[in-house]
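User: I am new to this structure and would like to learn how to read it. Please take me through it one feature at a time.

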Amino acid sequence: MDDDNIQKAVRRAADIIAGSSRLVAFTGAGVSADSGIPTFRGPGGIWGSYDERHLELGFFMSRPETAWNTIRKIFYDYTLSVEPNDAHRILASWERSGRLGLVVTQNIDGLHGRAGSKAVAEFHGSCSELVCLACGGRVQATRELVAPSPPRCPCGGLYKPGFTFFGEGIPPEAYAASVDAAEEADACLIIGSTGTVYPAASIPRIVKRRGGLVVEVNPVPSEFTEAVSDAFVPLGAAEAMRRIDAALATRATERP
Ligand SMILES: [Zn+2]
């Protein structure tokens with residue numbers, strides 16, 4: 001797509017978003033790529049170098065020291081050292097101005113919250129908290145807390161990251177909030193998700209099935225593009241969001 005056509009897609013995206021009164025955002029790994037968080041699958045993905053079994057609850061319980069060594073390298077070495085990017089920040093500003101109702105995210109990096117978003121459904125939980133498997137206590141994850149292998153709660157219990165392990169269910173509150181928002185939404189903005197991980201990938205499809213419009217931001221076409229997207233902006237998350245936000249601002253001055 002040449003830049004004229006990209007700009008047409010940006011304007012179409014802005015039209016849909018401006019015309020929406022109940023907008024839900026749906027984000028995946030691509031929204032954090034511009035913050036320097038590597039993707040998990042695909043070429044150069046993290047899983048090429050590590051054993052996925054380390055994120056199964058059974059393995060974690062039987063060999064917490066080994067599992068935590070992997071978890072720290074894969075997650076905390078990145079998430080504690082990166083910052084939100086313009087895509088996270090613009091979504092947070094849209095929430096403050098009332099344009100956006102809820103961010104449903106597949107990401108566990110906590111960057112939407114750090115960018116200032118308050119209404120976030122973390123579909124796969126979050127790195128940001130540690131949960132004690134003995135007393136259920138939750139604490140904010142810090143470098144100091146995740147330094148030992150394995151980290152332990154003051155009660156002596158084992159800390160587990162607050163994200164969903166392989167084989168664990170979706171956190172029920174996040175699931176219910178996401179489905180409710182999707183059923184009520186009149187538009188969905190997909191950013192940086194390839195649409196292959198279920199049940200998360202059903203969220204934009206719920207919006208579409210109920211008559212809503214779908215905007216998709218992804219550098220390359222995804223499972224969503226042909227199936228549900230009414231506007232497809234083929235750019236990285238931060239650049240796309242800066243351009244859509246600028247188009248919304250222009251629109252506002254043109255049509256007072
Ligand atoms: Zn405890």
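User: How much area do domain 1 and domain 2 bury between them, and on which atoms?

Analyst: The size of an interface is often given as the accessible area lost when the parts come together. In this predicted model, domain 1 and domain 2 bury about 650 Å² between them. Carbon and sulfur atoms carry 64% of that area. On the side of domain 1 that touches domain 2, the residues divide into three nonpolar, two polar and two charged.

User: Where does the chain divide into these domains?

Analyst: Domain 1 consists of 1–37 + 84–124 + 169–256, and domain 2 of 39–81 + 127–163. Seven residues from domain 1 and six residues from domain 2 take part in the contact. The C-alpha centres of the two domains are 28 Å apart.

User: How many salt bridges are there between domain 1 and domain 2? And how many residue pairs are in polar contact?

Analyst: The salt bridge count between domain 1 and domain 2 is zero. Two residue pairs are in polar contact between these domains, both at pLDDT 80 or more.

User: Which residues coordinate the zinc ion? And what is the site's geometry?

Analyst: Ideal angles at a metal are 109.5 degrees for four tetrahedral donors. Here the zinc ion is held by the SG atoms of Cys132, Cys135, Cys153 and Cys155, at 2.3 Å. The angles among the four donor atoms run from 104 to 119°, and the site is tetrahedral.

User: What spacing do the donors of the zinc ion follow along the chain?

Analyst: The spacing of these donors is C-x2-C-x17-C-x1-C.

Note on methods: Residues numbered from 1 in each chain as written. Predicted model: local features only at pLDDT ≥ 70, side-chain atom pairs only at ≥ 80, totals over all residues. Heavy atoms only, no water. Domains from an automatic or database assignment. Contact = heavy atoms within 4.5 Å. Buried area = accessible area lost by both parts, 1.4 Å probe. Salt bridge = Lys/Arg side-chain N within 4 Å of Asp/Glu carboxyl O. Polar contact = N/O pair within 3.5 Å; in protein donor to acceptor, adjacent residues only side chain to side chain. Nonpolar A, V, L, I, M, F, W, Y, C, P; charged D, E, K, R; others polar. Donors = N, O, S within 2.8 Å, 3.2 Å for Na, K, Ca; no water. Tetrahedral: all angles 85-135°; square planar, octahedral: opposite > 155°, others 65-115°.
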